[in-house]
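This report is meant for someone meeting the structure for the first time.

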Amino acid sequence: MVLRASAFSNGFLAAIHALGWALIVPGFWYLDRVLAVCKSTTKERSERQGQECYLHPLNVFLGSIFFLLFFLLTAPLAFLGFLLWAPLQACRRPFSYHRAEPTSAARETNRGFELTGMASFTFASANLCLLTDGLARFNNLGHTQHRAYEIGKRISESVGRAQVVITVESPSSCGPLSPSDSIIPRACSDADGETEGQPQPGGHHQSEPAESSASFNGVEAKLTERSSSQANSNESPNKRGQSDDESPAALFSRRPRQQDEEPWEVSSLFPACVDILCLEEVFDKRAAKKLTRMLKPLYGHILYDVGVYACQPPCRCSTFKFFNSGLFLASRFPVLEAEYHCFPNSKGEDALAAKGLLSTKMLIGQNQKKKKVVGYFNCTHLHAPEGEGKIRCDQLDMVNQWIRAFQDTHRQPDEEVVFDVLCGDFNFDNCSPDDVLEQNHKLFEEYRDPCRAGPGKEKPWVIGTLLEQPTLYEDDVSSPEKLQRTLETEEMRKQYISPPVAQEGVPLVYPEPGQPWIGRRIDYILYRETSISKLCRTELEEVTFITQLAGLTDHIPVGLRLKVIMDSEFEDE
């Protein structure tokens with residue numbers, strides 16, 4: 001089954017919907033500017049320190065009057081547009097779909113199972129806070145359209161670069177370094193060794209270091225240069241005295257990995273060749289279209305504007321949705337099926353947005369027996385306010401139920417399922433006493449969280465993913481490289497990562513003696529093994545905390561790479 005691009009079943013309804021929205025936009029924009037001119041970010045406040053003290057209040061006063069006047073002038077048109085737009089939400093499919101024609105069949109498939117019986121998949125998730133400009137400023141983030149462009153540019157440059165494994169022969173070597181930190185530029189390759197000819201959007205090539213070679217598809221190579229710098233890589237940044245303009249070697253995570261530890265890293269780049277990218281809080285429609293334009297050279301299948309609007313369910317004005325779900329999904333693989341559900345129990349400000357679950361089924365390729373290979377990918381964004389764990393637990397129940405129903409409906413006997421992934425912003429962590437209800441939810445019995453040691457206990461290498469909003473523009477976190485160095489130092493991390501939340505009326509004692517300080521990790525990528533084919537075995541290859549969006553969002557993106565091995569000798573029952 002091929003999804004249609006439009007959210008409407010015929011062009012006439014789509015045209016009326018577009019006309020209604022075009023009439024709404026001017027009034028909506030002027031109202032947003034009223035908020036934006038009154039609310040400043042900390043960066044803007046620091047930039048005004050040299051100005052005369054009367055200039056800013058004057059700008060606020062005149063700007064508010066100007067934009068409010070134009071809002072009042074465009075309000076009648078917006079009301080007319082609303083009368084056209086709102087009723088059509090009842091017949092709108094809750095997402096739009098962009099599909100680009102692939103330059104080759106290899107760009108839309110993973111031939112690893114067909115050729116070698118194994119394949120690796122890389123997933124990434126990021127909360128971008130792409131609200132309208134006025135609302136984003138309440139999270140200390142402004143200039144939504146500029147941020148959307150810059151985010152799309154950084155992701156496309158990073159994901160479209162080389163995918164290699166480098167082994168450093170040095171006494172301090174911890175083994176192979178991750179492809180996400182590659183310093184040798186090459187094109188992404190399929191399992192058969194053929195490289196894709198797609199140009200890297202906005203990318204730039206770095207010169208290859210002397211006496212170096214890379215390992216491609218398991219062929220190991222040596223990197224003799226820079227070994228001495230890697231030998232000192234475990235020293236603190238202050239001792240090294242490194243500047244922000246560091247060599248590519250500075251992109252590597254500096255903390256030594258313990259022998260029994262899961263493979264993990266803090267990276268200033270997104271992993272190379274991310275297969276599926278899930279973004280949250282892409283509420284602004286213009287920002288979503290901008291991201292789509294930036295990412296479509298790399299991802300042929302994009303779901304955006306996900307969610308419902310207006311009265312949901314219809315004719316119940318108490319549940320009016322002003323914003324969509326904010327979910328945005330970009331996939332290298334074709335989307336066979338997609339289904340969205342809106343949470344019915346949202347409260348307060350969260351009820352204004354159509355937060356929910358997006359479930360998809362994707363075509364990966366075929367195995368050695370020419371049987372279709374598919375994967376399930378689910379993304380969500382849960383209720384935000386602190387102290388309302390019961391609502392989030394109910395939403396996790398719904399997520400579990402909806403995923404099970406989706407897979408029961410769309411699973412076919414002639415196909416092999418190779419991954420089942422759930423990711424998103426869950427708005428609770430695994431270290432706060434205030435989140436104890438969510439930490440013990442049965443969802444974590446079905447899906448594996450590679451960062452979790454148990455309910456309420458993180459693994460010692462984990463860092464938080466929620467940044468403190470007032471400090472987003474301080475020098476220590478002002479660039480991907482600086483944020484990476486900051487996150488690798490526990491004392492520095494405490495200043496910029498949000499701390500655990502105490503239960504009401506109970507003093508917080510954290511961390512326990514002898515335990516590391518771990519901030520709030522509310523962004524998750526989970527995977528389930530019980531729902532995939534019994535021919536398959538899953539291995540965790542890497543967990544990544546990504547600093548590339550420093551200064552552009554108040555979350556730290558996360559990445560996960562899984563290796564799936566399929567036993568071709570197993571006989572189906």
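## Burial and the model

A residue counts as buried when its relative accessible area is under 20%, and as exposed when that area is over 50%. The structure described here is a predicted model, and with the cut-off in mind, Asp-435 at 2% relative accessibility counts as buried. Arg-520, with a relative accessible area of 6%, is buried because that value is under 20%. Glu-386 has a relative accessible area of 52% and is therefore exposed, the limit being over 50%.

The salt bridges come to a count of 26. One of them joins Arg-520 to Glu-386, with 3.6 Å between the closest N and O atoms. This pair links distant parts of the chain, since Arg-520 sits in the loop between helix H14 (490–496) and strand S15 (523–527), whereas Glu-386 sits in the loop between strand S11 (372–381) and helix H10 (389–410), 134 residues apart.

Arg-520 also meets Asp-435 in a salt bridge, at 3.1 Å from N to O. Because Arg-520 lies in the loop between H14 and S15, and Asp-435 in the loop between strand S12 (415–425) and H11, the pair ties together parts that are 85 residues apart in sequence. Elsewhere, salt bridges that share partners join Arg-33, Glu-44, Asp-133 and Arg-137 into one network.

Glu-438 and Arg-392 form a further salt bridge, their closest N and O atoms being 2.8 Å apart. Glu-438 belongs to helix H11 (residues 436–439) and Arg-392 to helix H10, so this pair ties together parts that are 46 residues apart in sequence. Both Glu-438 and Arg-392 are buried.

## An open sheet of five strands

Which strands make up the open sheet, and in what order? The five strands follow the order S9-S10-S11-S12-S15, and their pairing is mixed. Strand S9 (335–342) and S15 stand at the edges with a single partner strand each, so one side of each is left without a neighbour in the sheet. From one strand to the next, the twist averages 15°.

S9 and strand S10 (residues 356–366) run antiparallel and are joined by seven bridges. In this pairing, His-341 has Leu-357 in S10 as its bridge partner. Helix H10 packs on the sheet, where it touches S9, S10, S11 and S12, and its direction makes about 35° with that of S10.

The strands S10 and S11 run antiparallel, with nine bridges joining them. Their hairpin has five residues between the strands, and in it Lys-370 takes a positive phi near 65°.

## Aromatic pairs and charges over rings

The structure holds 27 aromatic pairs. In one of them, the rings of Tyr-30 and Phe-67 have their centres 6.4 Å apart and their planes at 35°, so the pair is tilted. Tyr-30 in helix H1 (residues 11–38) and Phe-67 in helix H3 (residues 55–88) are 37 residues apart, and the pair links distant parts of the chain. Tyr-30 and Phe-67 are both buried.

Another pair is formed by Phe-343 and Trp-402, whose ring centres lie 5.7 Å apart with the planes at 20°, so this pair is stacked. Phe-343 lies in the loop between S9 and S10 and Trp-402 in helix H10, so the pair ties together parts that are 59 residues apart in sequence. Phe-343 counts as buried at 1% relative accessibility, and Trp-402, with a relative accessible area of 14%, is buried as well.

One aromatic cluster is formed by Trp-21, Phe-28, Phe-82, Trp-85, Tyr-309, Phe-320 and Phe-322. Over the face of Trp-21 lies Lys-285, at 4.2 Å from the ring centre. Arg-452, in turn, lies over the face of Phe-444, at 4.3 Å from the ring centre.

Methods: Residues numbered from 1 in each chain as written. Predicted model: local features only at pLDDT ≥ 70, side-chain atom pairs only at ≥ 80, totals over all residues. Heavy atoms only, no water. Salt bridge = Lys/Arg side-chain N within 4 Å of Asp/Glu carboxyl O. Helix = DSSP H or I, 4+ residues; strand = E, 2+ residues; numbered from the N terminus. Buried < 20%, exposed > 50% of the residue type's maximum accessible area, 1.4 Å probe, protein only. Pairing = 2+ DSSP bridges. Axes fitted to C-alpha atoms, helices over the stretch in contact; angles between N-to-C directions. Contact = heavy atoms within 4.5 Å. Phe/Tyr/Trp six-rings, centres within 6.5 Å; stacked < 30°, edge-to-face > 60°. Lys NZ or Arg CZ within 6 Å of the ring centre and 35° of its normal.
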